[in-house]
Amino acid sequence: MATPFDPYPQFQEYAHPERLVSAAWLSARLGSPGLRVVESDEDTLLYDIGHLPGAVRIDWRNDLNDPVTRDFIDGEAFARLMSEKGIGRDDTVVIYGDQANWWASYTLWVFELFGHPDVRLLDGGRDAWMAEERDTSFMVPDYPSTDYPVVERDDVSSRALVEEVRGAIDTDVLIDVRSPEEFAGTADASSAPTLRRGHIPTARNFPWDTTVHPNSRFRSYEELMEIYADLTGEDPTILYCHLGDRSAHTWFVLKYLLGFTNVRNYDGSWSEWGNMVRMPIALGE
């Protein structure tokens with residue numbers, strides 16, 4: 001039985017309201033058959049000090065990345081991870097996390113690479129849930145293993161690799177979602193170390209955090225359209241940040257809230273570009 005969509009009025013403004021759930025909606029449905037909740041944080045220890053009841057943890061560092069190839073896990077490893085977490089191919093998966101859903105968005109994006117049919121984001125993430133003082137748990141659930149099928153990862157429709165990014169220089173395709181200081185190359189490099197600072201030439205700066213309120217919830221459709229008024233939803237758009245997490249957040253905004261049809265995330269981002277030999281960079285605004 002399909003999990004119903006959240007009818008929250010603000011969500012109905014978005015291009016794909018079915019991709020968001022509210023804390024109230026989720027709270028009322030925890031434990032429902034066919035619904036699995038995933039916590040994915042930058043600070044992976046947060047799960048241990050209290051998480052949504054019944055939520056499983058997916059560690060973006062250790063669970064989603066192949067330690068040898070510097071790439072994502074393959075279809076067999078993803079199927080094994082889903083089976084171990086008790087997630088079936090037909091389950092509705094709701095993902096949430098800290099930092100206004102940076103890494104939750106990244107994890108959702110990886111689910112998309114494997115074509116999971118129904119994956120949604122908790123609006124406001126962990127911050128929203130805790131601010132409303134909703135129930136938390138210390139118990140780590142032990143769900144029965146599932147028989148999740150092996151699905152080939154799709155690296156074409158939602159992901160950009162470095163050579164494609166290099167080929168997009170001198171176009172209006174590249175969007176840097178880091179802070180203005182990171183973009184200009186003036187930020188303290190210790191927080192996001194690379195050999196060089198700056199941005200990819202011809203990239204434009206649209207900081208990711210303009211899309212959320214201080215409580216980490218998304219801004220309205222009208223506000224988001226105003227922020228991205230200079231972009232066109234049909235044109236190719238490639239997003240990057242430092243590690244691909246903040247750009248995955250903006251990818252979610254553009255694709256599912258505003259309805260952009262050709263937006264991809266460059267997950268190598270500045271950590272790759274800024275460390276590569278002879279890659280062109282630009283400084284300043």
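The exercises below, each with a worked solution, concern a predicted model.

**Exercise 1.** Determine which residues touch the most other members of the largest nonpolar core, and where this core lies.

*Solution.* 
1. The largest nonpolar core has 53 residues, and Phe111, Phe218 and Phe252 touch the most other members.
2. At least two residues of this core come from each of α2 (75–84), β6 (92–96), α3 (102–113), β7 (119–122) and α8 (245–257).
3. With 9 residues, α3 gives the largest share.
4. Residues of this core come from both domain 1 (9–132) and domain 2 (162–274), so the core lies between them.
5. Another core, of 16 residues, lies apart from it; Phe183, Ile238, Tyr240 and Tyr266 are among its members.

**Exercise 2.** List the contacts of Phe252, leaving aside neighbours within four places in sequence.

*Solution.* 
1. Contact requires heavy atoms within 4.5 Å.
2. With those neighbours left aside, Phe252 is in contact with Arg19, Leu20, Leu108, Leu121, Phe218 and Leu257.

**Exercise 3.** Give the strand order of the open sheet of 5 strands, and explain why one side of β1 and of β3 is left without a neighbour in the sheet.

*Solution.* 
1. The order is β1-β7-β6-β2-β3, and the pairing is parallel.
2. Val38 stands opposite Ile95 in β6.

**Exercise 4.** State at what angle α3 runs to β7.

*Solution.* 
1. α3 lies across β6 and β7.
2. The angle between α3 and β7 is about 175°.

Notes
Residues are numbered from 1 along each chain as its sequence is written. This is a predicted model: local features need pLDDT of at least 70, side-chain atom pairs count only at pLDDT 80 or more; totals for chains, interfaces and linings use all residues. Side-chain values use heavy atoms; hydrogens and water are left out. A nonpolar core is a set of buried Ala, Val, Leu, Ile, Met, Phe, Trp, Tyr and Cys residues joined through side-chain atoms within 4.5 Å. Buried means under 20% relative accessible area, exposed over 50%, partly exposed in between (1.4 Å probe, protein chains only). Helices (H or I, at least four residues) and strands (E, at least two) are DSSP runs, numbered from the N terminus. Domain bounds come from an automatic or database domain assignment. Two strands pair if DSSP finds at least two bridges between them. Axes are lines fitted to C-alpha atoms, for helices over the stretch in contact, and angles run from 0 to 180 degrees between N-to-C directions.
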